[in-house]
Each structure stands twice: as C-alpha cells, then as structure tokens.
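Please look through the sequence and the model before reading on. The report below goes from the sheet to the helices and then to pairs of charged side chains.

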Amino acid sequence: MGNSIFNQYIEKRNVITKNKKVLQTTYVPNVLPHRVEQIDSIASIISIALNGEKPSNIMVYGKTGTGKTAVVNYIGKELKKADESEEKCQYIYVNCEIVDTPYSVLYNIGNQIIVDDKNRIPFTGWSFEKVYSEIVNYIKNLNKVYIVVLDEIDKLIYKKGDDVFYYLAKINENLDTSRVSLIGISNNMKFLELLEPKARSRLGGESIVFSPYTKVELEDILKERVKEAFDENAIDEAVISYCAGIAAKVDGDARVAIDLLKTAADIAERNGDSTVTEAHVKSAKNTIEFDVISEAIKTLPPQSKLVLISIIKNSENGNSSMTTGDIYKTYQNISSTIGTTALTQRRIGDLITELDSIGIINASVRSFGRAGRSRIIELNIDKHIIDNFKQDSIYRNFESYKSPMQTKLM
C-alpha cells in the first residue's frame, strides 16, 4: 500500500468483529429468540403450499424493529430448504419502501419468477395491465404456489398503489393450476382501513401481531448476535445490558440495539481497543441518536407523515402552539392539494396522539376558563431533523405540488 493519510488509521485499527454481516439489521440469523410463536403461526399457515394448496393471505403487523421481516425471511429460507428445486412453491420478497410504484412491484415480482431472458419484463415501456397479463400467462399452468411477500406494504398507499393489491389478491381467478398467496408486512395496525373496499376485501386474511421486545428479550437477541459476530471476551459484560436498556426505551426496537452494538464495536476498533465497553456504547449512542429519531419519522405511515407536515407548516408560519383544529385544517388543504382522501378529524387526533407518544411532538391539554379545555401541540424535534425529513419522498412530492391554494394552507 502506498503512503497516504489512511495508513495511520489502518495501522491503528484493531479488528475485533470476526463476522460483520451478523451486525447488519438485514441479516437473518438461524436463531430468532422470542419469536417462536410467530414463526409457528406463519409456518403452519403456509405449510400447505408444499402440497400444492393455496395458503390464506397473511397480514403481519408490528412496530419497527420487532422482527417482522426477519421472521418472514427466515420462513422463506426454510421453505427453500423444504423444496430446494422450487418445483412446488416459490418465495418472492419485495420491499415496497424501495420498490414503490405499482408497475415496479409487478416488474420485481415478474422477474423473480421469469427466468428466461426472452420473456423478462422491461424496466419501462409496458402498461401496468400488460405486465400483469404477462405474469398471469407465464405462471397460469405451472402447477406451483407462489408466496409473495410485500414488506412495508403501506408505503405504496401514498403512491396510489391500491390497484396493485387488488390485482394481486384476485390473480388466482385468472390462474388454472398455479396459486398465489400474499403476505403483507406493515407498521400500521390500521393499514387495511387505508385501502379501497374492493382491495380491502380481497387482501384481508389472517393477521399476526408482533409486540415490542422487552429489555430481557433484547438481551437474548444481542447475546445470539455476539456469539456469531465476536470472539470470546471481546464484549464487556455490561455492554449487552446497556444496549438492550436503551433500545427498550425506543419501543423495544431490536434494530436500535443491534445498531448500537455495531457502532460501539466500530468505535472500539478505530481506537485500537481490544474490548467493547460501556464507554464505547455511550459514544455510539451520541453518534446515532439523531439517526434513531430520523428513523422513527422515516417509518411513520404516510398519513402520519402528512400530519407531521401539517404541524411543521403551522410552526414555520409562526403558529408554534397549535390546536388539533389548526392542524386538521392544514392537513385537509394538503390532502386536497396532492389528491389524497382526507381522514376524519377524530382519526387525525389519534395520529397526533401517536406522534406525541414517540416524542416527535408535545401534545398537552390546557384549560382556557369558560372557553373550555383544548389540546395544544408543539414540535419537539430540532431543525436538522426537520430538514432531514424534508428529503422524504412524501415531503418532496408535496412541495412539488406548489399551487396558489398552497399559499393559503395556514
């Protein structure tokens, strides 16, 4: 290696993480502590696919970091083990936060199924209906069951993606010997209520809820990761408990615990230390605290993001202490501007309560004498976090819809 500024850092670094991929939040471990019940529930439903029968559709609910994706992908791996040649069934995974338009969802599904180049679906150029027809015609008589997982399924609603759910849910009516079963994963327990009735009735099936992890459960998860990722004695005893305690306060989010451990290990390695200590975790916490809040906002359902935009717009226009009515008026105007159906004021009140519960806003009830009591809402996040949220596709799309009406939002 030539002489460069990087030499000093490379020479100082002491590598103590033997398997870094284990500390990736996308890693699917062979052991998933405290998710046996959910694994059993989902596996028992889709097991009939191995006999050529169509399983019920499944909706998987739970907050961020509760193991939803890990469990479903773990079951996908097990399904592949049971049918290595994929003669009877095939597992297909799509992340709708990344693949976020109806066309791209079908494109992604189709090209996981279609293996011969001459029949593959082009990235652009076809209509949605043509892509759907190609998939139907290709699998129609293959006598196979397809388990299609749509992760972050609620992300498509904002993009007016209801149709793709409807088409996929009714696809079996157009097939002869093949069958398609859907697994939707959502952070929003009321996701189905956001759909049009025709899509809701078809997509609905069995529901499985993932509750947040407790501190003890998070410790067990970290212990399993530590076994795979580090040599013995590389992690100080207090580290696991400290990481788990912090994550338990963030809605039992396992991703937070794992990210803390990974960042703490990176800091220790950069310092040339041989053991990860509580001091490294404290340093990591300061480093990623901003990311934790931003991640919480990033994973909000689309309607909650619209409510947050409404609160930010009121605040930017000098209304730092606003009522639910102020927010709802702005929310209605924003919904009208971008062509989204507005929820009721009562439902918006529920979403405001949820934003308050995760610390993004403060919502307190105040008395105004004879005028009665009212809930006053104030933003509780720094400007740099707001600026980060403004890079979100929903915020950017809203800003791009500038119109004369938008100047009257507040």
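In what order do the five strands of the open sheet lie, and is the pairing parallel or antiparallel? The order is β2-β3-β4-β1-β5, and the pairing is parallel. This is a predicted model, in which local features need pLDDT of at least 70 and side-chain atom pairs count only at pLDDT 80 or more, while totals for chains, interfaces and linings use all residues. Residues are numbered from 1 along each chain as its sequence is written, and side-chain values use heavy atoms, with hydrogens and water left out.

**The sheet**

Helices (H or I, at least four residues) and strands (E, at least two) are DSSP runs, numbered from the N terminus, and two strands pair if DSSP finds at least two bridges between them.

Strand β2 is joined to strand β3 (residues 145-151) by seven bridges, and the two run parallel; here tyrosine 93 stands opposite valine 149 in β3. Strand β1 pairs in the parallel sense with β4 over four bridges, and tyrosine 61 stands opposite serine 186 in β4. With strand β5 (residues 206-210), β1 also pairs in the parallel sense, over five bridges, and isoleucine 58 stands opposite glutamate 206 in β5.

Why is β1 described as largely enclosed by the rest of the structure? The reason is that five of the five residues of β1 are buried, where buried means under 20% relative accessible area, exposed over 50% and partly exposed in between (1.4 Å probe, protein chains only). From β1, Ile58, Val60 and Gly62 point one way, Met59 and Tyr61 point the other way, and all are buried.

Serine 186, found in strand β4 (residues 179-186), counts as buried at 1% relative accessibility. Leaving aside neighbours within four places in sequence, serine 186 is in contact (heavy atoms within 4.5 Å) with residues including Met59, Val60, Tyr61 and Gly62, as well as Lys68. The side chain of serine 186 also reaches the backbone nitrogen of asparagine 188 at 2.9 Å.

**The helices**

Two helices lie across strands of the sheet. Helix α2 lies across β1, β3, β4 and β5, running at about 160° to β5, whereas helix α4 (residues 102-113) lies across β2 and β3, running at about 150° to β2.

Helix α3 (residues 68-82) has 15 residues and reaches 21 Å from its first C-alpha to its last, close to the 21 Å expected at 1.5 Å a residue; the expected span is 1.5 Å times one less than the number of residues. Among the buried residues of α3 are Lys68, Thr69, Ala70 and Leu79.

Serine 304 has its place in helix α13 (residues 302-316) and counts as buried at 2% relative accessibility. Not counting residues up to four places away in sequence, serine 304 touches Leu351, Glu354 and Leu355.

**Salt bridges**

The structure holds twelve salt bridges, a salt bridge being a side-chain nitrogen of Lys or Arg within 4 Å of a carboxyl oxygen of Asp or Glu. Some of them are listed here.

| Glutamate 269 | Lysine 20 | 3.0 Å |

In the salt bridge between glutamate 269 and lysine 20, glutamate 269 lies in helix α11 (residues 254-271) and lysine 20 in the loop between α1 (7-12) and α2 (36-46), so the pair ties together parts that are 249 residues apart in sequence. Glutamate 269 is buried, with a relative accessible area of 0%, whereas lysine 20 counts as partly exposed at 39%.

Lysine 63 is partly exposed at 42% relative accessibility, and aspartate 251 is partly exposed at 32%.

Notes. A polar contact is a pair of N or O atoms within 3.5 Å; within protein, one must be able to donate a hydrogen and the other to accept it, and residues adjacent in sequence count only if both atoms are side-chain atoms. Axes are lines fitted to C-alpha atoms, for helices over the stretch in contact, and angles run from 0 to 180 degrees between N-to-C directions.
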